[in-house]
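Visitor: I would like to learn how to read a fold from its coordinates. Please take me through one case.

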Amino acid sequence: MTTRPSVLFVCVHNAGRSQMAAGWLRELAGDRIEVRSAGSAPAESINPAAVAAMEEVGIDISDQNPKILTTESVQASDVVITMGCGDACPYYPGKRYEDWKLDDPAGKGVDEVRPVRDEIKARIEELIASLLPQDAPAGSNGRGD
């Protein structure tokens, strides 16, 4: 029996980009991929504009809480995707690392967060295809939405 891949999303505050990415991956991959998110300097709560932007597409991330990045979470993950934390993320040989250049939604309204949300979705679809090449993302209805 094969184990399911594990992905860790990391941004500084674990309040916007990484939470939206985790929400998209949970929604599109279901239980086929283990999802984690963390921040090098976690905020008190999730960015309300990120919550609202995800709610617009039917994904509820309001129950998530920013978490501190730990070496254990990195070690337990197959793929580590950073979103602006730079060298605050520990490096372990054998892990797949990606750095996604995305605008930080901190302090922005929903109108400004929507393009970030949509860019994250496109990247998540590509990530799923690379981790689960045998099947398409569950719930995906194509690129045009």
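Visitor: In which helix does Val113 lie?

Guide: Val113 lies in helix H4; helices (H or I, at least four residues) and strands (E, at least two) are DSSP runs, numbered from the N terminus. This is a predicted model, in which local features need pLDDT of at least 70 and side-chain atom pairs count only at pLDDT 80 or more, while totals for chains, interfaces and linings use all residues. Residues are numbered from 1 along each chain as its sequence is written, and side-chain values use heavy atoms, with hydrogens and water left out.

Visitor: Is Val113 buried or exposed?

Guide: Buried means under 20% relative accessible area, exposed over 50%, and partly exposed in between (1.4 Å probe, protein chains only). Val113 is buried, at a relative accessible area of 0%.

Visitor: Which residues is Val113 in contact with, leaving aside its neighbours within four places in sequence?

Guide: Contact means heavy atoms within 4.5 Å. On that basis Val113 is in contact with Met20, Ala49, Ala50, Ala53, Pro105 and Lys108. As for Arg17, the C-alpha atoms of Val113 and Arg17 are 9.3 Å apart in space, while the two residues are 96 apart in sequence.

Visitor: What do the buried residues of helix H2 pack against?

Guide: They pack against H1 and helix H4 (110–131). In H2 (residues 48–56) the buried residues are Ala49, Ala50, Val51, Ala53 and Met54. At the start of H2, the backbone nitrogen of Ala49 has a side-chain oxygen of Asn47 within 2.7 Å. After H2 comes Gly58, with a positive phi near 80°.

Visitor: How should I read the sheet, and in what order do its strands come?

Guide: Strands of a sheet pair through backbone hydrogen bonds, either parallel or antiparallel. Here two strands count as paired if DSSP finds at least two bridges between them. The open sheet has four strands in the order S2-S1-S3-S4, with parallel pairing. S2 and strand S4 (96–99) are the edge strands, each pairing on one side only. From one strand to the next the twist averages 20°; axes are lines fitted to C-alpha atoms, for helices over the stretch in contact, and angles run from 0 to 180 degrees between N-to-C directions.

Visitor: Why is S1 largely enclosed by the rest of the structure?

Guide: Six of the six residues of S1 (residues 6–11) are buried, so the strand is largely enclosed. Ser6, Leu8 and Val10 point one way, and Val7, Phe9 and Cys11 the other way.

Visitor: Where does H1 lie?

Guide: H1 lies across S1 and S2, at about 155° to S1.

Conventions
A polar contact is a pair of N or O atoms within 3.5 Å; within protein, one must be able to donate a hydrogen and the other to accept it, and residues adjacent in sequence count only if both atoms are side-chain atoms.
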